[in-house]
Protein chains: 4
Amino acid sequence: MIGRLLVSCQDRPGIVAAVSRFLSEHGANIVHSDQHSTDPEGGIFFMRIEFQLKELDDKIESLREQFTEIGKHFEMEWRIESTAKRKKTAIFVSKEDHCLQDLLWRWKIGELVTDISLVVSNHKDLESVVKPFAIPYYHVPVTKETRHEAANSHLQLLDKYKVDTIILARYMQIIPPQMIESYKNQIINIHHSFLPAFVGGKPYDQAYERGVKIIGATAHYVTEELDQGPIIEQDVQRVDHRHQVNDLKRIGRDVERMVLARSVQWHLHDQVLVHGNKTIVFR
Amino acid sequence: MIGRLLVSCQDRPGIVAAVSRFLSEHGANIVHSDQHSTDPEGGIFFMRIEFQLKELDDKIESLREQFTEIGKHFEMEWRIESTAKRKKTAIFVSKEDHCLQDLLWRWKIGELVTDISLVVSNHKDLESVVKPFAIPYYHVPVTKETRHEAANSHLQLLDKYKVDTIILARYMQIIPPQMIESYKNQIINIHHSFLPAFVGGKPYDQAYERGVKIIGATAHYVTEELDQGPIIEQDVQRVDHRHQVNDLKRIGRDVERMVLARSVQWHLHDQVLVHGNKTIVFR
Amino acid sequence: MIGRLLVSCQDRPGIVAAVSRFLSEHGANIVHSDQHSTDPEGGIFFMRIEFQLKELDDKIESLREQFTEIGKHFEMEWRIESTAKRKKTAIFVSKEDHCLQDLLWRWKIGELVTDISLVVSNHKDLESVVKPFAIPYYHVPVTKETRHEAANSHLQLLDKYKVDTIILARYMQIIPPQMIESYKNQIINIHHSFLPAFVGGKPYDQAYERGVKIIGATAHYVTEELDQGPIIEQDVQRVDHRHQVNDLKRIGRDVERMVLARSVQWHLHDQVLVHGNKTIVFR
Amino acid sequence: MIGRLLVSCQDRPGIVAAVSRFLSEHGANIVHSDQHSTDPEGGIFFMRIEFQLKELDDKIESLREQFTEIGKHFEMEWRIESTAKRKKTAIFVSKEDHCLQDLLWRWKIGELVTDISLVVSNHKDLESVVKPFAIPYYHVPVTKETRHEAANSHLQLLDKYKVDTIILARYMQIIPPQMIESYKNQIINIHHSFLPAFVGGKPYDQAYERGVKIIGATAHYVTEELDQGPIIEQDVQRVDHRHQVNDLKRIGRDVERMVLARSVQWHLHDQVLVHGNKTIVFR
């Protein structure tokens with residue numbers, strides 16, 4: 001069975017030695033390890049270790065208890081996870097289906113290892129897309145007047161399904177602060193531009209107006225400032241003078257779904273660590 | 001001999017027929033033709049034709065005279081050029097040599113077909129780079145106090161050498177309005193970011209701060225608004241959390257010189273037409 | 001209404017003039033035009049014109065008749081099509097669904113303008129994928145013994161549905177010569193490698209063995225020689241030493257469906273012309 | 001001071017723990033670490049560690065001695081290097097200058113940290129390119145008759161200058177087996193195609209004939225089989241039907257020099273490990 005150990009702390013000598021000895025002494029074999037220090041001379045140290053350990057699920061609690069000492073000694077933020085325990089995911093959508101379709105397809109063929117617990121939308125349009133996958137679809141309308149009420153419904157749903165991870169798959173509504181706070185670095189949004197260019201609404205129209213030669217998409221964790229959260233992944237595609245706004249949207253759809261899918265997969269595999277307003281992605 | 005006919009006008013039926021008949025009647029064979037209409041239903045029409053015509057240089061003046069009628073009829077902006085007449089180019093640099101080196105090398109091996117008439121710099125540093133190419137190097141210092149004087153020197157030099165095209169190969173000074181006006185859509189700048197992201201100074205520092213996963217460079221014609229002119233070409237390169245600002249600069253250098261070289265080549269071949277604040281690049 | 005005129009012939013002066021005068025005289029406005037000559041000095045000339053003409057569908061037969069003279073004069077291969085008449089498409093699949101899913105989704109949202117007349121497979125597996133789209137699904141098993149019989153069934157089906165275009169969306173069977181002959185340059189295959197590297201079976205295993213740093217996919221017209229037909233489009237994606245064969249397959253799926261979708265779209269828009277064993281793609 | 005420890009051995013539990021404890025006990029701080037296992041269940045394990053250690057150059061010999069025990073215990077291949085000791089490089093060229101120019105420029109501005117000890121060529125053409133850099137240039141003609149003699153001259157030169165690394169920067173001659181054997185995984189060649197496509201001579205002509213839509217370049221270690229050695233890096237660029245062979249060569253030059261430069265840099269930083277006929281590149 002495969003487990004993951006994630007660590008971040010002030011960099012100083014002996015961390016790798018202590019952690020690897022701990023795993024070795026507990027019979028775990030390191031199958032993959034990544035580390036990063038923001039500054040070789042006294043920055044923040046990040047590490048992600050994938051290890052193999054028989055009967056991990058029986059041992060995981062005791063493993064965590066015993067790691068506490070090391071964690072305290074190095075003043076780490078850390079967690080140990082078993083890959084046997086899948087993350088629970090909620091997908092939020094509005095009317096555009098391309099990201100949703102792509103995520104559902106990848107999930108169905110086993111590319112995305114997660115439990116998709118529910119789909120939430122402010123519209124009814126995509127219910128028929130979700131139906132064949134036997135995933136509950138909740139239509140929660142959001143208007144100026146019902147915003148507060150909708151936020152409560154959302155939180156209740158997320159709570160009911162014990163959701164870990166929220167994917168905004170072209171969900172065109174502002175996420176209220178309470179949800180952002182409750183799911184810090186757990187809400188992934190796909191923005192349909194190459195951030196920080198073209199923040200806010202209608203990025204393809206903005207891109208067309210500016211006459212850029214390349215368009216892009218950006219997946220990021222949601223923070224209170226719109227389109228300003230830590231970037232997980234970006235990608236681009238060439239365009240030229242022959243492309244009208246609708247062409248940019250068509251070409252952009254493919255970029256968006258690729259970027260979102262990659263980001264979601266990395267998140268599900270605990271490959272993304274957040275440091276300030278940036279991400280470390282151990283690929 | 002190869003000539004080029006460039007046309008823009010209000011789109012309406014019969015333009016291509018009239019122009020191609022004109023060329024055919026004058027014994028010219030169209031070897032390449034590109035056209036673009038900003039809107040099939042009554043937009044602006046752009047056309048670039050490469051044609052072969054014996055003794056073009058003897059005939060070019062009479063060709064121009066006779067085309068005037070068609071030009072008037074369709075209210076065209078147009079020009080007929082012979083490839084035998086090379087554009088005259090000035091390169092402006094400051095201290096960074098990568099774009100300059102690259103342009104000089106491409107020019108020497110015959111990739112860039114132009115006369116590089118002079119190199120102008122606000123520093124002495126790159127004189128030794130230019131020397132082996134036997135191109136005059138002018139050191140024109142620019143300070144707050146001498147800005148006006150420097151602008152005059154620049155204009156006199158450009159005038160003296162009958163320069164058509166100005167390449168800002170990482171020239172880190174503001175171009176004064178008079179020069180921009182005199183060389184409209186003839187001044188190419190390379191900006192070391194993926195515009196419109198990271199306008200202004202220190203774009204790599206800005207990119208590092210924002211934590212982007214892709215950096216880029218943008219070549220554009222210079223207009224009075226800083227970094228806002230028509231974009232000719234852009235390109236990008238992946239970066240990640242391991243890259244410090246210096247790495248972004250190193251990786252960016254390669255993107256900058258590629259993007260600038262492509263843009264300069266298209267400009268020299270009359271492949272770039274400007275429409276409002278955008279370009280049409282006939283590749 | 002929009003029509004398309006496609007022309008190829010020996011290059012010589014006057015072709016563009018004659019064709020554009022013809023269209024102009026018949027009241028058609030050229031909205032887009034592309035041309036290419038394999039050699040400015042006497043090569044083969046290719047042209048694709050999109051024109052606007054009121055009541056095109058009533059006039060198309062008489063237009064064709066009258067163009068015959070020009071066609072004869074320049075010894076052209078040519079055709080005039082109305083975009084009102086959609087191509088009829090058959091999709092062939094085996095067990096992998098990613099290309100099929102992608103094509104069906106693009107078709108449903110209106111990206112691919114065609115009538116998908118039927119899906120043919122040597123397996124039953126993907127019937128449930130096709131069902132919601134209300135497209136007939138034919139299961140035609142192919143074994144060594146039934147190969148001849150299957151070929152006949154295929155031809156009958158294609159004939160019954162008056163199919164123009166055949167898309168092999170990861171169909172893992174050899175196409176018999178008779179079908180290739182009957183649908184020359186109308187059968188598009190997606191090969192899961194960057195041709196000409198890794199011809200034949202198991203290209204991802206071959207790529208893994210060779211240790212390439214980039215994998216790709218290739219869409220091409222099917223000819224009698226396996227994986228040797230005219231290439232329509234290729235694209236690539238980076239891989240590295242951490243990727244096992246299954247990762248290459250996963251990453252490759254995304255490249256395959258993008259490359260196939262682009263190729264199909266260009267084919268449906270008559271943007272692909274074949275010259276010898278190469279394609280001219282007017283993008 | 002920065003040191004590098006490179007390790008490969010049969011994977012088994014405890015390697016990371018042992019190595020990191022060793023470094024920790026000797027006062028070294030790990031600033032960067034990468035590892036890879038070809039198979040989590042008993043494959044080959046590769047590790048590259050960058051560590052900081054004061055007075056490394058005084059201690060390096062004793063460090064190596066003391067590491068021997070660990071090396072024996074795990075049956076490792078290993079080496080410990082100081083970044084203070086630069087690799088000595090020989091560049092081999094023929095007539096094309098683009099890769100040479102690029103390497104020299106990167107070396108001069110400090111991107112490539114190495115001593116370029118000499119340039120060897122079978123032609124005199126590029127002597128003037130090298131001269132300004134004050135690097136010895138040896139003209140060693142190679143003909144069928146003098147092949148054996150030339151090989152001896154090469155080996156003597158490499159020996160005289162104590163060369164570690166040989167860069168074939170478009171050197172168009174076969175490397176004799178003796179040199180390959182003496183400099184195993186130390187000879188980097190740039191091949192002007194996307195291997196394994198277009199092995200051997202005239203790859204751009206081959207690519208043009210096949211009608212590919214993307215061309216590439218490949219840097220690899222030289223082995224006895226032509227163009228079959230472990231691939232270090234590849235990159236590509238789009239082309240289309242408008243590009244003649246000369247255009248492919250022009251576009252390819254830019255790909256070649258980028259790919260070669262990246263590969264050389266990784267090699268110089270000990271980031272490339274060879275496993276069978278593949279590379280592990282720790283980026």
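Q: Thanks! How many residues of chain B are in contact with chain A?
A: On the chain B side there are 35 residues in contact with 35 residues of chain A, where contact means heavy atoms within 4.5 Å. Please keep in mind that this is a predicted model, where local features need pLDDT of at least 70 and side-chain atom pairs count only at pLDDT 80 or more, while totals for chains, interfaces and linings use all residues. Residues are numbered from 1 along each chain as its sequence is written, chains are lettered from A and ligands numbered from 1 in the order in which they are written, and side-chain values use heavy atoms, with hydrogens and water left out.

Q: What area is buried between chain B and chain A?
A: About 2,800 Å², with carbon and sulfur atoms giving 53% of it. Buried area is the accessible area (1.4 Å probe) that two parts lose on being put together, summed over both. In chain B, the residues that lose the most area to chain A are B:Arg210, B:Lys213 and B:His241, together 25% of what that side buries.

Q: How many salt bridges does the rule find there?
A: The rule finds four across the interface of chain B and chain A. A salt bridge is a side-chain nitrogen of Lys or Arg within 4 Å of a carboxyl oxygen of Asp or Glu. A:Glu233 forms one with B:Arg238, and their closest N and O atoms are 3.2 Å apart.

Q: Which element gives the most to chain B's side?
A: That is β11(B), with seven residues on the side of chain B that touches chain A. Helices (H or I, at least four residues) and strands (E, at least two) are DSSP runs, numbered from the N terminus.

Q: Let's switch to chain C and chain B. What does the rule find there for salt bridges?
A: Zero salt bridges between chain C and chain B, and one residue pair in polar contact, both at pLDDT 80 or more. The contact takes 18 residues from each of chain C and chain B, and the buried area is about 1,600 Å², of which carbon and sulfur atoms give 50%. C:Asn29, C:Gln35 and C:Pro40 lose the most area on the chain C side, together 26% of what that side buries.

Q: Which residue has the "active site" annotation?
A: The UniProt annotation, from an unreviewed entry, covers A:Asp227. Positions are given in the numbering used here, feature names are shortened, and annotations may be inferred rather than shown by experiment.

Q: Where does A:Asp227 lie, and is it buried or exposed?
A: A:Asp227 lies in the loop between β10 (214-221) and β11 (231-238) of chain A. A:Asp227 is buried, because its relative accessible area is 6% and buried means under 20%, exposed over 50%, partly exposed in between (1.4 Å probe, protein chains only).

Q: What is A:Asp227 in contact with?
A: Leaving aside neighbours within four places in sequence, its contacts include A:Asn189, A:His220 and B:Arg210. The side chain of A:Asp227 also makes a polar contact with the side chain of A:His191 (3.4 Å).

Terms used:
Polar contact = N/O pair within 3.5 Å; in protein donor to acceptor, adjacent residues only side chain to side chain.
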